[in-house]
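Look over the model before reading on.

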Amino acid sequence: MAHPVNKMMITKDIWYHIHSLLPLQDAARTACVSQIFLRSWRCRPNLIFSAKTLGLNDNWLERNKVIGEINGKVDHIMKNHSGVGLKTFGLRSYNLVDACYLDCWLQIAVTPAIEELILLLFPEDKANYYDFPFSLLFNRGGSSIKHLHLSYCVFRPTGGLNCLRSLFLYEVRITGHELGCLFSNSFALEQLELTDCKELSYLKIPCLLQRLSKLAVYGWEASQVMEIKAPNLLTFHYEGNLARLSDGGLPYVKNLTIASIRWHNAIYYAYANLPSIVPTIETLTVFSVSEVRLSPNIPSIKKTLDVNLT
């Protein structure tokens with residue numbers, strides 16, 4: 001027969017679990033009418049904030065009011081959270097959030113139990129980047145973080161995150177050397193997406209990333225160099241200078257999507273060069289701005305070719 005105290009603890013755990021499955025707005029409403037759910041806020045495992053989830057009208061005409069309400073509501077929730085059990089912390093904001101607030105929230109959120117961190121900032125002033133505290137992540141979440149999504153951040157990693165499975169960087173200031181430092185011990189990495197990371201003068205994907213199977217690179221400039229050696233990379237989405245595809249070859253890729261926003265004759269280039277650059281390719285999708293010529297004598301792709309003239 002179960003001890004009464006143990007039964008109470010089990011029942012409480014069940015209620016807390018149910019509360020954690022509710023969307024943020026519904027969880028907040030429920031907490032207002034239930035003492036059990038009110039206490040469960042302090043150990044809620046997933047906190048993902050946006051103007052919508054906070055019930056705010058994300059109106060550009062009332063920008064300062066929205067910013068103040070986001071700062072106030074998120075700050076209140078975070079400061080009342082115990083930090084225990086928090087596995088996912090996310091913030092999506094189209095308004096400027098004060099860096100002091102962000103620093104404070106990350107101090108609470110980043111614990112040895114954190115698994116997913118989402119910081120999608122889209123400031124009105126595109127020159128305004130948040131200086132992400134990698135040392136905090138490395139020292140307190142490096143052994144548990146699995147998924148990391150960042151935008152408009154300065155990201156300066158000095159080492160790897162050994163449990164990291166997916167990394168999404170959008171408009172993030174990071175150099176090729178710093179990305180290499182992150183790769184040095186991120187052996188679990190399976191998915192990588194880089195978009196408009198303008199400080200990347202080169203991209204080297206080392207062979208030690210044995211689990212990397214999906215790679216997406218968007219906004220690759222003409223001067224940048226790319227070298228990919230991940231042995232199990234199967235799917236690659238690429239938008240940029242097509243000549244960069246031949247830098248190191250893609251000997252293992254089976255599914256390739258390429259888009260040429262600034263470059264013409266993408267389809268011609270694909271037919272002419274990809275059979276040697278990507279010898280194992282099975283499915284190729286090409287988006288091209290315009291084509292001057294397409295020779296019928298060029299070797300065709302092995303199995304599937306989807307063409308889209310945009």
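Arg156, Arg173, Glu178 and Glu199 are linked in a network of salt bridges (a side-chain nitrogen of Lys or Arg within 4 Å of a carboxyl oxygen of Asp or Glu). By this rule the count is 6 salt bridges. The model is predicted: local features need pLDDT of at least 70, side-chain atom pairs count only at pLDDT 80 or more, and totals for chains, interfaces and linings use all residues. Residues are numbered from 1 along each chain as its sequence is written, and side-chain values use heavy atoms, with hydrogens and water left out.

| Pair | Closest N to O |
|---|---|
| Arg156 and Glu178 | 2.9 Å |
| Glu199 and Arg173 | 3.0 Å |

Glu178 is buried at 15%, and Arg156 is partly exposed at 28%. Lys198 is exposed at 57%, whereas Glu171 is buried at 11%. Glu199 is partly exposed at 27%, as is Arg173 at 33%.

Next, the cavity (on a 1 Å grid over the protein atoms alone, a set of points where a 1.4 Å probe fits but cannot get out; lining residues have an atom within 4 Å of a point). The structure holds 1 cavity of 30 Å³ or more.

Note on methods. On a 1 Å grid over the protein atoms alone, a cavity is a set of points where a 1.4 Å probe fits but cannot get out, and a pocket is an open set with protein on both sides within 12 Å along at least five of seven lines; lining residues have an atom within 4 Å of a point. Grid points are joined across faces, edges and corners, and a volume is the space filled by probe spheres set on the points. Buried means under 20% relative accessible area, exposed over 50%, partly exposed in between (1.4 Å probe, protein chains only).
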